[in-house]
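Here is a friendly briefing to read alongside the model.

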Amino acid sequence: AAASRGNADAYFELGVAYSTGTDGCEVNMVEAHKWFNLAAMKGRRDAISMRREVAEMMSEAEIAAAQREARAWMTAH
């Protein structure tokens, strides 16, 4: 719910959950990158390094998909 209100900490926690497979999330690097990207845009400086770390495990196509999903989220919310 906090993520739908634009909460940077909630975005960050979703990035952690998707990158590690915790809190009932399956590991999904595209989702993790998206949430870390959104957290970084909202001012979470530590999300930048986490996004970079996740990106190292992704293909260029996956990174592009994550960026598209982040833009779509920002447009919708």
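A residue counts as buried under 20% relative accessible area, as exposed over 50%, and as partly exposed in between. Asp46 has a relative accessibility of 34%, so it falls in the partly exposed class. Please keep in mind that this is a predicted model. Three salt bridges are present in the structure, and three of the residues involved, Asp9, Arg44 and Asp46, belong to a network.

- Arg44 pairs with Asp9 in a salt bridge, and their closest N and O atoms are 2.7 Å apart.
- That pair links distant parts of the chain, since Asp9 sits in helix H1 (residues 8–20) while Arg44 is in the loop between helix H2 (29–41) and helix H3 (46–55), 35 residues apart.
- Arg44 also forms a salt bridge with Asp46, where the closest N and O atoms are 2.7 Å apart.
- Salt bridges therefore link Asp9, Arg44 and Asp46 in a network.
- How accessible is Arg44, buried or exposed? Its relative accessible area is 18%, so Arg44 counts as buried.
- Asp9 has a relative accessible area of 43% and is therefore partly exposed.
- Asp46, at 34%, is likewise partly exposed.

**The pair within helix H2**

- Glu31 and Lys34 join their side chains in a salt bridge, with an N to O distance of 3.2 Å.
- Both residues lie in helix H2, three residues apart, which is about one turn of the helix.
- As for accessibility, Glu31 and Lys34 are both buried.

**The nonpolar core**

- The largest nonpolar core has 17 residues, and the members that touch the most others are Tyr11, Phe36, Leu38, Ala47, Val54 and Met58.
- Two or more residues of this core come from each of H1, H2, H3 and helix H4 (60–76).
- Which element gives the largest share of this core? The answer is H2, with eight residues.

**A closer look at Phe36**

- Leaving aside residues up to four places away in sequence, Phe36 touches Phe12, Gly15, Val16, Ser19, Ala47, Met50, Arg51 and Val54.
- Two of these partners, Ala47 and Val54, are named together with Phe36 among the core residues that touch the most other members.

Methods:
Residues numbered from 1 in each chain as written. Predicted model: local features only at pLDDT ≥ 70, side-chain atom pairs only at ≥ 80, totals over all residues. Heavy atoms only, no water. Salt bridge = Lys/Arg side-chain N within 4 Å of Asp/Glu carboxyl O. Helix = DSSP H or I, 4+ residues; strand = E, 2+ residues; numbered from the N terminus. Buried < 20%, exposed > 50% of the residue type's maximum accessible area, 1.4 Å probe, protein only. Core = buried A, V, L, I, M, F, W, Y, C linked by side-chain atoms within 4.5 Å. Contact = heavy atoms within 4.5 Å.
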